[in-house]
Amino acid sequence: MNKSQIISDARKQGRTLLTEIESKQILKDAGIDVTLIKLATSENEAVGFSQEIGFPVVLKIASSDISHKSDAGGVKVGLNNEQEVSQAYSEIMNSVKQRFPAAKIEGISVQNMAKPGVEIIIGMTKDAQFGPVLMFGLGGIWVEVLKDVSFRIVPLTRYDASAMIQEIRGNALLKGYRGSEAVSITVLEDMLLKISEFVEKNPEIKEMDLNPVFAYKDGAVAVDARIVLEESE
Ligand code: ADP
Ligand code: MG
């Protein structure tokens, strides 16, 4: 499905929150790297997809009623064989049904497990005065505890993208520490610029989160994504 179909389907169903699968499909079409993802609606199908994708895989709940999947017990990473996939499938279903009995469940997504990288976050919100604004930060405690993030108004220039990466306090982590590799700053700038362009062209998008993106020395991949649409067109 393409962007217009995904958005019009969501609208028909009266939803403004796109699922991870829908959000990643749209981002992929905008030139952003995302993990390979398939929607399974049965345990057998999940096992089949994991064989196609190749181990290790990650299983996640797919529901437009659940935006924080881990909080619902809906994420299992590092699944190494068919048996672990089967078990994870039923554990996720049980946990989600228990914690969110009313949630409509589309299925469980199966995706490749991205290799570890530096976790970053890219977000978009709309400011009443300035319109769309991009946020950049490091993942985990850097954003949750230290609020170490930077902002720029869309559209971004390359200079803006570069400055917003440089000005976060944890910037040194991108340059390699304790033997870990430096990540490509150009790749991150490119990602910010693509997102800026995408946001500019798609005013029907109200909010967006790529949380986290794993950054590497030669690339960056969004392992989770969430898009929220404006209430009406
Ligand atoms: P939530 O809805 O709770 O934010 P996420 O999709 O972000 O769920 O998954 C939770 C965590 O699991 C991520 O922060 C990341 O560390 C890890 N994770 C998720 N998907 C993948 C993946 N495809 N490859 C590697 N790690 C992943
Ligand atoms: Mg997430």
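How far apart do the C-alpha centres of domain 1 and domain 2 lie? They lie 23 Å apart. The structure is a predicted model, and its domain assignment gives domain 1 as residues 3-112 and domain 2 as residues 118-229.

**Domain interface**

- The contact between the domains takes 23 residues from domain 1 and 18 residues from domain 2.
- The size of an interface is often given as the accessible area lost when the parts come together.
- For domain 1 and domain 2 the buried area is about 1700 Å², and 66% of it is on carbon and sulfur atoms.
- Polar contacts across this interface amount to 10 residue pairs, with both residues at pLDDT 80 or more.
- On the side of domain 1 that touches domain 2, helices α1 (3-12) and α2 (20-29) each supply at least two residues.
- Helix α2 gives the largest share of that side, with 5 residues.
- By residue class, the side of domain 1 that touches domain 2 has 9 nonpolar, 6 polar and 8 charged residues.
- Between the two domains the count of salt bridges is 1.
- A salt bridge joins the side chains of K69 and D224, with an N to O distance of 2.8 Å.

**Ligand 1**

- Ligand 1 is surrounded by 19 residues.
- The closest of these residues are K60, K69, S70, A114 and D224.
- K69 and D224, both in that closest group, are also the two partners of the 2.8 Å salt bridge.
- A polar backbone atom of A114 is 2.8 Å from a nitrogen atom of ligand 1.
- For N112, a backbone N or O atom lies 3.0 Å from a nitrogen atom of ligand 1.
- E119 places a polar side-chain atom 3.4 Å from an oxygen atom of ligand 1.

**Salt bridges in the whole structure**

- A search of the whole structure gives 16 salt bridges.
- One pairing is between the side chains of K24 and E20, at 2.7 Å from N to O.
- K24 and E20 are about one helical turn apart, because 4 residues separate their positions in helix α2.
- Helix α2 is also the element that supplies 5 residues to the side of domain 1 touching domain 2.

**Cis peptide bonds**

- Most peptide bonds are trans.
- The bond joining F55 and P56 is cis, with omega about -5°.
- P56 is located in the loop between helix α3 (43-53) and strand β2 (57-62).
- A cis peptide bond also runs from N211 to P212, where omega is near 5°.
- P212 sits in strand β8, which spans residues 205-215.

Terms used:
Residues are numbered from 1 along each chain as its sequence is written. Chains are lettered from A and ligands numbered from 1 in the order in which they are written. This is a predicted model: local features need pLDDT of at least 70, side-chain atom pairs count only at pLDDT 80 or more; totals for chains, interfaces and linings use all residues. Side-chain values use heavy atoms; hydrogens and water are left out. Domain bounds come from an automatic or database domain assignment. Contact means heavy atoms within 4.5 Å. Buried area is the accessible area (1.4 Å probe) that two parts lose on being put together, summed over both. A salt bridge is a side-chain nitrogen of Lys or Arg within 4 Å of a carboxyl oxygen of Asp or Glu. A polar contact is a pair of N or O atoms within 3.5 Å; within protein, one must be able to donate a hydrogen and the other to accept it, and residues adjacent in sequence count only if both atoms are side-chain atoms. Ala, Val, Leu, Ile, Met, Phe, Trp, Tyr, Cys and Pro count as nonpolar, Asp, Glu, Lys and Arg as charged, and the others, Gly among them, as polar. A residue is near a molecule or strand if one of its heavy atoms lies within 4 Å of it.
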